[in-house]
Amino acid sequence: MKIALTTKEMSYCDRMTIENGVPSAQLMRRVAEKIFFSYKWQGRIYIICGKGNNGGDGLALAEIMWDNGIEAFVFLIEDTVSSDGKYYLSRLKDKGFSNIYSENDCDYHCDIIVDCIFGTGFKGVPDGKYANVIKRINDSKAYKISVDIPSGLNGDNGKSIARVEADETVTVQYPKTGLFLNGGKDATGKLKVIDVGIGLYADGCNIVEEEDIRILFPRRKNDTHKGTYGKSAIIGGCSNYLGAVKLANAGLCALRCGGGLNSIVVPKTHVVNIASAVWESTARGISDKDGFMLFDEKEIDQAMKGVDCVAIGMGIGDKYEENLKIISHILTNYRVKVVIDADGLNSLAKNIDILNQSKADVILTPHIKEMSRLTGLSVEAISEDPIKIAMTFAKEYGVKVLLKGASTVVTDGKKVFLIVNGGAELSKGGSGDTLSGVILGMASQGRSLLESGYSAAYLTASAAKNLKDEFSEYGVLPSDVSREIAKIVKSYKK
């Protein structure tokens, strides 16, 4: 797995590398060299520099271009630059480089703009002058390359008021968490990571990659049977949302990614409808009123017989009191793996302290509004620091949290995994139901809930991305995704 760092962690790694013998000006030179040799520089090139070290990177880049016979034009937003920036500005002038202008003289009519305005340390809102520069960059038809991070973007959470909309971002040593969260992915464009020898002195977040998932699917022995790979149950559905449990079971997600046996537990009123839609799973009915589940201890115990793991909440409806009784009974009486999603989360929010009494191993899979209900925090507060909020909640209640967003955060309160390969093709009702089914399938065959969470999120996102080529981001349906997952798993066996 690769590592993503917060801006504070990155700053510490910078400082420790410098203290261990690499001068800051030398690091700046390495950054510029790596950027230079990463591209085929053609046409008219403008480098727009701020007053900090990000601007210094731009000045060092201009020197390397000059040394290699490529003419660039440097535009300074301020009269002052950082101490390392002054070093490279002086070197440029000593070499006879004269293409240094005030930003006021920039016409933005060029082929490439290199954005070196703000680095990762920037927080807040660009003021009038800087906001105007960012707007003019975005209005330009030039190809836009941001150094380290698109200027104006918060390096920790990906939020911004005004930011450069980069075609490509070349980030130094370790990706910053803000490149993946909230609007960060949209601003970043294509992401390139350059290695300049900065040491890793922080834990950071793990970025999940294909190889991390591939190893979770070893070849199976012939001398096995369906019971070898776990027994799972999906509990949900109501008169209003019966499709949710069908999607959780669509294409038998739990089985297609490797689970052995699955049952689907719905209100008795709807057993016939479910049975006609699902062949491979068994269907079981729970007493209901008007198509909504009622808590019956004996019926729940019967449904849980022999079950290794259970997913509850998909389409279960808004009868929160009855839902909470079912959830509470399972959590406090069964040492199994439990995935709680959708209205299961909204029901749990009515008495979150039930988690402190749980015998079960639990993963919660909220989107940001559901996380708001669970924590009592506003959506805005969660979006400001989704990683910290998820970690704090997981640690406090002894659960795993899978927080959905532009990138998915999975944590047990100690380790953090970022799943960054998702896209707009998953922005449809039912995607979360499918994801819950995949988590269930991974967990039922013995994977930890932490592994099950990040692997399921990665597989679901990968499947949707594969389908985008066929259907576009508009046309991918959650029911397509589970079938595509089987193809991905098959490819791991080649």
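## The α3–α4 crossing

In this predicted model, α3 runs past α4 in a left-handed crossing (left-handed if the near helix is turned anticlockwise from the far one by less than a right angle, right-handed if clockwise). The two helices, α3 at residues 53-67 and α4 at residues 83-94, pack at an angle of about 25 degrees, and their axes are 8 Å apart. That makes α3 roughly parallel to α4 (angles under 35 degrees count as roughly parallel, over 145 as roughly antiparallel, 65 to 115 as roughly perpendicular and the rest as oblique). Axes here are lines fitted to C-alpha atoms over the stretch in contact, with angles from 0 to 180 degrees between N-to-C directions; helices are DSSP runs of H or I, at least four residues, numbered from the N terminus.

On the α3 side, the contact (heavy atoms within 4.5 Å) involves N53, G56, L59, A60, A62 and E63, and these meet D84, G85, Y88, L89, R91 and L92 of α4.

## The α18–α19 crossing

Among the residues in contact are Y458, L459, L467 and F471 of α18 and V481, I485, I488 and Y492 of α19.

By class, this contact has 10 nonpolar, four polar and two charged residues (Ala, Val, Leu, Ile, Met, Phe, Trp, Tyr, Cys and Pro count as nonpolar, Asp, Glu, Lys and Arg as charged, and the others, Gly among them, as polar).

## The largest pocket

Now to the pockets. The largest pocket has a volume of about 840 Å³, where a volume is the space filled by probe spheres set on grid points joined across faces, edges and corners. A pocket is an open set of points on a 1 Å grid where a 1.4 Å probe fits, with protein on both sides within 12 Å along at least five of seven lines; lining residues have an atom within 4 Å of a point.

Its lining counts 36 residues, with K404, L426, K428, S431 and G432 closest to the centre. α17 supplies the largest share, four residues.

## The second largest pocket

The second largest pocket holds about 500 Å³. Of its 22 lining residues, D14, N53, N54, D57 and D148 lie nearest the centre. α1 gives the most, five residues.

## About the model

Residues are numbered from 1 along each chain as its sequence is written. In this predicted model, local features need pLDDT of at least 70 and side-chain atom pairs pLDDT 80 or more, while totals for chains, interfaces and linings use all residues; side-chain values use heavy atoms, leaving out hydrogens and water.
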